[in-house]
Amino acid sequence: MASNNFHRSDSLVKLAERLRIYNHPLNNSSNSTNARVQNQSPRFQECTVNEVVSKEQELKSEFGTDPIANNSRRVKSDRASVLVCLFEDQKGHLRVILTKRASTLSTHSGEVALPGGKVEEGDANDIETALREAEEEIGLDRSLVDVVAVLESFTNKKGITVVPVVGILWDRNAFKPVINTAEVAAIFDAPLEMFLKDENRREQEREYMGDEYVLHFFDHETENEKYIIWALTAGILIKAASIVYQRPPDFQERRPKFWNRSRR
């Protein structure tokens, strides 16, 4: 966990509290994990910035029995998790950590991605998968990440169910990246709000099995390097940004239907 001596901004604390009780539309069971977290919300509302206690371990335990996050401790090659790791920059703006995949990888080589990967034996749940993969890929110590929400899953064309796990990196300076060059060529961050703006954005109309949809391409430049965030990664970040900022994007999304074909 982040050090108790590190100052947490009011805005980020409030965001974490709100995301902890986020109940996505596919998790409506009264016995669901998010419902149980909602019942605990008064405790968070009564806390001051210095009194906020991270609930990551509790969430991990709870999501281990949740139908959305549970992996039954079995290898499921058709399931993966990604970490949407958020932090505040010096101006108080939210940013998200991204990677550029190594050019030697057999799939999606050279593309921008969120840290993450497929479920492996021993992963208790989707949260564990996302944290383990981030640690392996970019050296992000899981103790620095405060997991606050698990979003509804996406399914790609190959039938892989991808579960976005949202975490807060309270102290960006405590993170010292160690890149696994076999998997990652570069690590960078981008403003989360850019995925709601109709700026530096392009789109392409596509068709798949009679379904016409739009793929969004976001151009981002940092430290003299240019990156393109697109396809499923862009879709996940549009969704995450919409939840965080509580508003829809400034453009028509028209996401592919197959992203929703497997919700489990």
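A residue is called buried under 20% relative accessible area, exposed over 50%, and partly exposed in between (1.4 Å probe, protein chains only). By this rule E152 is buried, with a relative accessible area of 7%. The model is a predicted one, in which local features need pLDDT of at least 70 and side-chain atom pairs count only at pLDDT 80 or more, while totals for chains, interfaces and linings use all residues. Residues are numbered from 1 along each chain as its sequence is written, and side-chain values use heavy atoms, with hydrogens and water left out.

**Confidence of the model**

- The predictor's confidence in each residue is expressed as pLDDT, on a scale from 0 to 100.
- The protein chain has a mean pLDDT of 83, and 77% of its residues reach 70 or more.
- Over residues 28-74, pLDDT stays under 50.
- For residues 28-74 the model has 91 contacts beyond four places in sequence, a contact being heavy atoms within 4.5 Å.

**Helix α5**

- Helices (H or I, at least four residues) and strands (E, at least two) are DSSP runs, numbered from the N terminus.
- Helix α5 covers residues 126-138.
- From its first C-alpha to its last, α5 with its 13 residues reaches 18 Å, close to the 18 Å expected at 1.5 Å a residue; the expected span is 1.5 Å times one less than the number of residues.
- In α5, 11 of the 13 residues are buried, and the helix is thus mostly covered.
- Among the buried residues of α5 are I127, L131, A134 and I138.
- At the start of α5, a side-chain oxygen of N125 comes to within 3.1 Å of the backbone nitrogen of I127.
- The helix α5 is followed by G139, which has a positive phi, near 70°.

**Salt bridges**

- Side chains of opposite charge can pair when their charged atoms come close.
- A salt bridge is defined as a side-chain nitrogen of Lys or Arg within 4 Å of a carboxyl oxygen of Asp or Glu.
- The structure holds 16 salt bridges.
- One of them joins the side chains of E136 and R132, at 3.3 Å from N to O.
- Both E136 and R132 lie in α5, four residues apart, about one turn of the helix.
- E136 is partly exposed at 37% relative accessibility, whereas R132 is buried, with a relative accessible area of 10%.
- A network of salt bridges links E120, D123, R132, E133 and E136.
- E152 forms a salt bridge with K239, and their closest N and O atoms are 3.2 Å apart.
- This pair links distant parts of the chain, 87 residues apart: E152 is in the loop between β5 (145-150) and β6 (154-155), and K239 is in helix α6 (residues 231-245).
- K239 is partly exposed, with a relative accessible area of 23%.
- The side chains of R247 and D250 also meet in a salt bridge, at 3.2 Å from N to O.
- R247 counts as partly exposed at 26% relative accessibility, and D250 is likewise partly exposed, with a relative accessible area of 48%.

**Residues with a positive phi**

- M209 is not a glycine, although its phi is positive, at about 50°.
- The position of M209 is in the loop between β9 (201-208) and β10 (211-222), and at 71% relative accessibility M209 counts as exposed.
- Q246, also not a glycine, has a positive phi of about 55°.
- Q246 lies in the segment after α6 and is exposed, with a relative accessible area of 58%.

**Aromatic pairs**

- Rings of Phe, Tyr and Trp (its six-membered ring) pair if their centres lie within 6.5 Å; planes under 30 degrees apart count as stacked, over 60 as edge-to-face and the rest as tilted.
- The structure holds seven aromatic pairs.
- In one of them, the ring centres of Y213 and F258 are 5.7 Å apart and the planes stand at 90°, so the pair is edge-to-face.
- Y213 is in strand β10 and F258 in the segment after α6, 45 residues apart, and the pair links distant parts of the chain.
- Y213 and F258 are both buried.
- The rings of F218 and F251 have centres 6.1 Å apart and planes at 55°, so this pair is tilted.
- Because F218 lies in strand β10 and F251 in the segment after α6, the pair ties together parts that are 33 residues apart in sequence.
- Both F218 and F251 are buried.
- One aromatic cluster is formed by F195, F218 and F251.

Technical notes:
A polar contact is a pair of N or O atoms within 3.5 Å; within protein, one must be able to donate a hydrogen and the other to accept it, and residues adjacent in sequence count only if both atoms are side-chain atoms.
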